[in-house]
Amino acid sequence: MKVVTVGTGMAAAEFVQRLRLDGFSDEIVMCSDEDFAPYSPCVIPFYLAGEPFDTVFWKGKDFYRHYRVTPRLSDPVVEVDAEKRIVRTAAGRTEVYDRLFYAAGARSWYPCPEWLETQGVFGFKTLTDMVAIDKYIKEHNIKKGVVFGGGFIGVDAAWPCGTGAWI
Ligand SMILES: Cc1cc2nc3c(=O)[nH]c(=O)nc-3n(C[C@H](O)[C@H](O)[C@H](O)COP(=O)(O)OP(=O)(O)OC[C@H]3O[C@@H](n4cnc5c(N)ncnc54)[C@H](O)[C@@H]3O)c2cc1C
């Protein structure tokens with residue numbers, strides 16, 4: 001029985017950990033469009049506030065090795081053929097599965113997505129976003145930021161600034 005997950009996020013990591021803890025010993029492949037061990041988006045603002053980078057890997061940076069998982073990273077799944085039980089990735093890789101766990105998360109809604117192509121404008125959703133923001137702040141010695149959106153995530157985005165980590 002081969003298990004494939006689309007996503008290496010919180011849901012997929014919990015699922016895979018549970019499988020292994022319950023004694024499942026067959027093959028598990030985890031696919032992600034990012035290049036990280038499973039991380040918690042809840043914790044990524046702490047990284048911007050100066051906490052060590054590895055704090056975000058809430059189930060351990062060696063998750064894939066520890067839970068005997070084959071990671072397929074930096075390669076988004078673009079198609080699921082449920083009849084043939086195959087997933088296809090952007091790079092042309094295919095994975096045949098017996099059971100598929102589809103956990104690709106949610107997407108942020110951007111009122112002006114073209115702004116994201118602009119220098120200095122970022123989403124605040126993924127670890128890839130955080131690494132890009134952190135790099136930009138450091139490279140350009142940024143002292144002031146503007147947050148679009150005043151909900152939970154917006155407050156989370158403004159918070160590292162308030163800790164004095166940037167200024
Ligand atoms: C900044 C921030 C702070 C948050 N704080 C909290 C909090 O304090 N409390 C709380 O309860 N919730 C919080 N959340 C929400 C919480 O992080 C999400 O509810 C949770 O991560 C959802 O888990 P998930 O596994 O469904 O999706 P995610 O954790 O987003 O994982 C999705 C996975 O799918 C992958 N993926 C996406 N598309 C593809 C594709 N085409 N092919 C392959 N892989 C793909 C992604 O790379 C990722 O690995 C926060 C979110 C953010 C962004």
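This is a predicted model: local features need pLDDT of at least 70, side-chain atom pairs count only at pLDDT 80 or more; totals for chains, interfaces and linings use all residues.
1. At 23% relative accessibility, F101 counts as partly exposed, and F15 lands in that class too with 26%. Residues are numbered from 1 along each chain as its sequence is written, and side-chain values use heavy atoms, with hydrogens and water left out.

2. How many aromatic pairs does the structure hold? There are 9 of them, and F15 with F101 is a stacked one, at 3.9 Å centre to centre and 5° between the planes. This pair ties together distant parts of the chain, since F15 is in helix α1 (residues 10-21), F101 is in strand β7 (residues 99-102), and 86 residues separate them. Ring centres (Phe, Tyr, or the six-membered ring of Trp) must lie within 6.5 Å to pair, with planes under 30 degrees apart called stacked, over 60 edge-to-face and the rest tilted. Helices (H or I, at least four residues) and strands (E, at least two) are DSSP runs counted from the N terminus.

3. F101 is partly exposed at 23%. Then look at F63 and Y67: the planes meet at 50° with centres 4.8 Å apart, so this pair is tilted. Both F63 and Y67 are buried. Elsewhere, ring pairs join F36, Y39, Y47, F53 and F57 into a cluster.

4. On to the strands: β4 (residues 77-81) and β5 (residues 86-89) run antiparallel, joined by 4 bridges. DSSP has to find at least two bridges before two strands pair. V77 has T89 as its bridge partner in β5, and D81 has I86. The hairpin of β4 and β5 has 4 residues between the strands, and R85 there takes a positive phi near 60°.

5. Strand β5 is also joined to β6 (residues 94-96), by 3 bridges in antiparallel fashion. The partner of I86 in β6 is V96. This hairpin has 4 residues between its strands as well, with G92 at a positive phi near 95°.

6. T89 deserves a look. This β5 residue has 5% relative accessibility, so T89 counts as buried. Its side chain makes a 2.7 Å polar contact with that of D75. (Polar contact: N or O atoms within 3.5 Å; within protein, one must be able to donate a hydrogen and the other to accept it, and sequence-adjacent residues count only through side-chain atoms on both sides.) Beyond neighbours within four places in sequence, T89 is in contact (heavy atoms within 4.5 Å) with D75, P76, V77 and V78.

7. Which residues come nearest to the ligand? T8, A11, D33, V77 and R107 do, out of 23 around it, where near means a heavy atom within 4 Å. Ligand oxygen atoms lie 3.0 Å from a polar backbone atom of T8 and 3.2 Å from one of M10. A ligand nitrogen is 2.6 Å from a side-chain N or O atom of R107. The protein covers 73% of the 1,000 Å² of accessible area that the ligand has on its own (Shrake-Rupley, 1.4 Å probe; for residues, only the protein chains shown count as cover).

8. Finally, R68 is in the loop between α3 (63-66) and β3 (70-72). R68 touches R20, F24, S25 and I28, leaving out residues up to four places away in sequence. K144 is 76 residues from R68 in sequence and 44 Å from it in space, C-alpha to C-alpha.

Terms used
Buried means under 20% relative accessible area, exposed over 50%, partly exposed in between (1.4 Å probe, protein chains only).
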